[in-house]
Amino acid sequence: MTAGIDPDPDLAAAAVEHCFEQGWTDGLPVVPASRALVDRFLATTDLAPETEIGRLPQLDRAVTVELAAINAVMAGCRPEYFPVVLAAWAALTAERATGGGGWQSTSGPAPLIVVNGPVREALGFNSTGGVFGPGFRPNATVARTIGLIVRNVYGVHPHALEQATQGLPGRWQICIAENEEESPWEPLSVEAGVAPGESAVSATLLRTCEYVDNRHTGSVEQLLTDIADTISRTGAWIFRHASAGIVFCPEHAQQLAAAGFGRADVRAWLAQRCGRSVADLARAGKDGLDGQVRFADGTRADGFDPLLAGSGRENLLLAVAGARNAGISMVVRLFSDWSGTSVPVAGVTR
């Protein structure tokens, strides 16, 4: 409770109901955005409130810093989270998919937001146990802000401009911090070109998330084979070549590093083995994907068809998060590809 203020629960409930009536919510209550509260958010950035930070050309609608701040307030952020929101939004706008039809896709993709650097501890972002789950205000509200911006500024509402057939349960929920302390590799943001020790955000769109529970073996090859099999499942395969990502738990990442595997080695190993035979795809009704090799008589060539086009960062995003208490990692299938870039968080003490 704020000192000197005696909150009126009935008045607060009425304000929340007003937001529902205006269609400003994502189905959950939002924090009403007062002028004074929005100004506190705007004070955390040097950008002018009217600065345009995103546009959806097909809808001719634009996001400004002030509109982003209003939605960050409603999402339940604290003012000090706002620079991370701006970095996350900038990282997402750098992705090819978000400038096209990504926000309106039938697959209903979910943004993946990865936070690196001192801001993780300074603001209390979760990077360890339950990192993909609820319970931590910065993780939850930064991700929710992105969803409210897309809804309230771009007007992408379910049953209207949003065309998701079913959508993903984590559509506006996936914001994680990387567990740099237990990762054997450099932070994701450093690999993407941001200076060590600097706070930064990486982001892209996902089609699916699926965990790999492999606590049964000490063999790196068996572990990677299990991950390759998960990446290569036919259910989410709609393009001949696609991109994926893995959020390794610390135990798996350390196991790989102890065997001499860096990020580049993991990518190269998986790029050679992620895929299915054309016969497998035919049995699943997916041998007609664009780009399949055909003979002169029109039949398709059999043999192994790789899913990952190569071993670059844009084809396989690799991060480390979660607790070191079991061999459970998360495979994420990217909506398109990751740009391989990270955006520094402005206005945060480094």
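**Helix faces, cores and local contacts**

The backbone nitrogen of Val 119 lies 2.9 Å from a polar atom in the side chain of Ser 199. This distance, like every other value here, comes from a predicted model. Ser 199 sits in the loop between helix H8 (188-191) and S5. Ser 199 is buried, with a relative accessible area of 0%.

Helix H9 was examined next. H9 runs over residues 220-231. At 1.5 Å a residue, its twelve residues should span 16 Å. Seven names make up the buried set of H9: Val 220, Leu 223, Leu 224, Ile 227, Ala 228, Thr 230 and Ile 231. These residues cover an arc of only 160° around the axis, and therefore lie on the same side of H9. An α-helix has 3.6 residues a turn, so residues three or four places apart point the same way. Glu 221 and Asp 229 are exposed on the other side of H9.

The buried residues of H9 pack against both strands and helices. The strands are S5 (200-213), S6 (244-248), S9 (316-320) and S10 (328-334). The helices are H10 (250-258) and H11 (263-273). At the start of H9, a side-chain oxygen of Ser 219 comes to within 3.4 Å of the backbone nitrogen of Glu 221.

Ser 232 counts as buried, at 2% relative accessibility. Its side chain reaches back to the backbone oxygen of Ala 228 at 2.7 Å. Ala 228 is itself among the buried residues of H9. Leaving aside residues up to four places away in sequence, Ser 232 touches Trp 237, Arg 273, Cys 274, Gly 275, Arg 276, Leu 307 and Arg 333.

Helix H2 (residues 35-42) also has a buried side and an exposed face. Its buried residues are Leu 37, Val 38, Phe 41 and Leu 42. They cover an arc of only 145° around the axis, which places them on the same side of H2. Ala 36 and Arg 40 are exposed, on the face turned away from that buried side. The cover over the buried residues of H2 includes helix H3 (65-75) and H4.

Nonpolar cores were then considered. The largest contains 47 residues. Within this core, Phe 82, Val 84, Trp 89, Trp 103 and Val 115 touch the most other members. Helix H4 (residues 82-93) supplies the largest share, nine residues. A second, separate core has 27 residues, including Ala 244, Phe 261, Leu 270 and Leu 308.

Ala 88 is also found in helix H4. Ala 88 is buried, with a relative accessible area of 0%. Its contacts, not counting residues up to four places away in sequence, are Ile 113, Val 142, Ile 146, Val 201 and Ala 203. Between Ala 88 and Thr 234, the sequence separation is 146 residues. In space, the C-alpha atoms of Ala 88 and Thr 234 are 31 Å apart.

The cysteines were checked for pairing. A disulfide is a covalent bond between the sulfur atoms of two cysteines. A search of the whole structure finds zero disulfides. The sulfur of Cys 209 has its closest cysteine sulfur in Cys 175, 13 Å away, and that is too far for a bond. For Cys 249, the closest cysteine sulfur is in Cys 209, at 15 Å, again too far for a bond. Cys 209 is partly exposed, with a relative accessible area of 34%. Cys 249 is buried, at 2%.

Backbone angles were examined last. Most residues other than glycine have a negative phi. Asp 60 has a positive phi, near 55°, and is not a glycine. Asp 60 is located in the loop between strand S1 (52-56) and strand S2 (61-64). At 60% relative accessibility, Asp 60 counts as exposed. His 159, also not a glycine, has a positive phi of about 70°. His 159 lies in the loop between helix H7 (137-152) and strand S4 (175-177). His 159 counts as exposed, at 85% relative accessibility.

Key
Residues numbered from 1 in each chain as written. Predicted model: local features only at pLDDT ≥ 70, side-chain atom pairs only at ≥ 80, totals over all residues. Heavy atoms only, no water. Helix = DSSP H or I, 4+ residues; strand = E, 2+ residues; numbered from the N terminus. Expected span 1.5 Å × (residues − 1). Buried < 20%, exposed > 50% of the residue type's maximum accessible area, 1.4 Å probe, protein only. Arc of directions from axis to C-beta. Contact = heavy atoms within 4.5 Å. Polar contact = N/O pair within 3.5 Å; in protein donor to acceptor, adjacent residues only side chain to side chain. Core = buried A, V, L, I, M, F, W, Y, C linked by side-chain atoms within 4.5 Å. Disulfide = S-S within 2.5 Å.
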